[in-house]
Amino acid sequence: MEVDAVVLDVDGVLVDVADSYRRAIVESVQYVYGDTIEKAAVQQFKDAGGFNNDWTLTDAAALFVLARREGYEGDVGEFTDQVAAHGGGLAGAEEVVESHLDPEGVERVREDWRPDRLREVFQQLYLGSDLYEELEGEEADLPAEEGYINDEPVIVTPETIDALTSEFPVGVLTGRPEAEAEIALERVGLDVPAERRFTMDDWEEGKPHPRALVALAERTGADSVAFVGDTLDDVETAVNASEADPERSYYAFGVLTGGLTGPEGRRKYEDAGADGVLDSVNDLPEAVEPRGE
């Protein structure tokens, strides 16, 4: 496939976050409510769409736990299917709760739901006490320990980075906050100019909104872009960019190193409209080449 530029997601593409972000989702809900979801259920929320931001996914997982306390009888799979049917994301989760509980139950869920506290706990678990205080500017109140950010194995190889950066302008599009994205990029050894990066701090819409991907195409002067991600929202981002910016071509590649794995993950990517499915980002140099060569 001939392209002018390559754009990479971070989580699940450059680094493995199964024991960092996904662990923080599960354990934040456990810490605040004494009950939680299984780590495997995180992917079910991701597949429902609208959960590129792991803080909002944590909030939705907490809503599920609280709804179960109030009599919601479905399991995680039923809950996330219903979230998808309501348009995905946190708004979809809230609508599921409101449509399945009586008004008193909904009110109790809302009274017990604590997104601000969940975010504080999440960030302390993920960053660790020292880095939390440095980046968040708040005093940590959980027992001091190393953050899960230190448990993110690098997926992308130096050879892949060299192959891509020598042939293409490379951009990054991630739901991470800027400071956490910089830590990951430094860890993997990928130097990306600020104008070729979009993080949580740079745009409000989040994936699968196409604005950031279209902007990166414009900034790199590309007429054809390959975007590599690890979720269905990433694929939809490229699909939406193609619709929003029909003068350019946007190709979506899904990797099987995130929550979507094996034949089932491949099928889900293909059903969502992916142009290619890779075992890992390290297969990308064999899948794309500069246009005109």
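Me: Is Thr165 buried, partly exposed or exposed?
Reply: This is a predicted model, in which local features need pLDDT of at least 70, side-chain atom pairs count only at pLDDT 80 or more, and totals for chains, interfaces and linings use all residues. Residues are numbered from 1 along each chain as its sequence is written, and side-chain values use heavy atoms, without hydrogens and water. Buried means under 20% relative accessible area, exposed over 50%, and partly exposed in between (1.4 Å probe, protein chains only). Thr165 has 39% relative accessibility, so Thr165 counts as partly exposed.

Me: Which backbone oxygen does the side chain of Thr165 reach?
Reply: Thr165 lies in helix H9, residues 158–167; helices are DSSP runs of H or I with at least four residues, strands are E runs of at least two, and both are numbered from the N terminus. An α-helix has 3.6 residues a turn, so residues three or four places apart point the same way. At 2.7 Å from the side chain of Thr165 is the backbone oxygen of Ile161.

Me: Which residues does Thr165 contact, leaving aside neighbours within four places in sequence?
Reply: Contact means heavy atoms within 4.5 Å. With those neighbours left aside, Thr165 is in contact with Val170 and Leu190.

Me: Is Thr231 buried or exposed?
Reply: Thr231 sits in the loop between S5 and H12. Leaving aside neighbours within four places in sequence, Thr231 is in contact with Lys46, Leu260 and Tyr269. Its relative accessibility is 7%, so Thr231 counts as buried.

Notes. A polar contact is a pair of N or O atoms within 3.5 Å; within protein, one must be able to donate a hydrogen and the other to accept it, and residues adjacent in sequence count only if both atoms are side-chain atoms.
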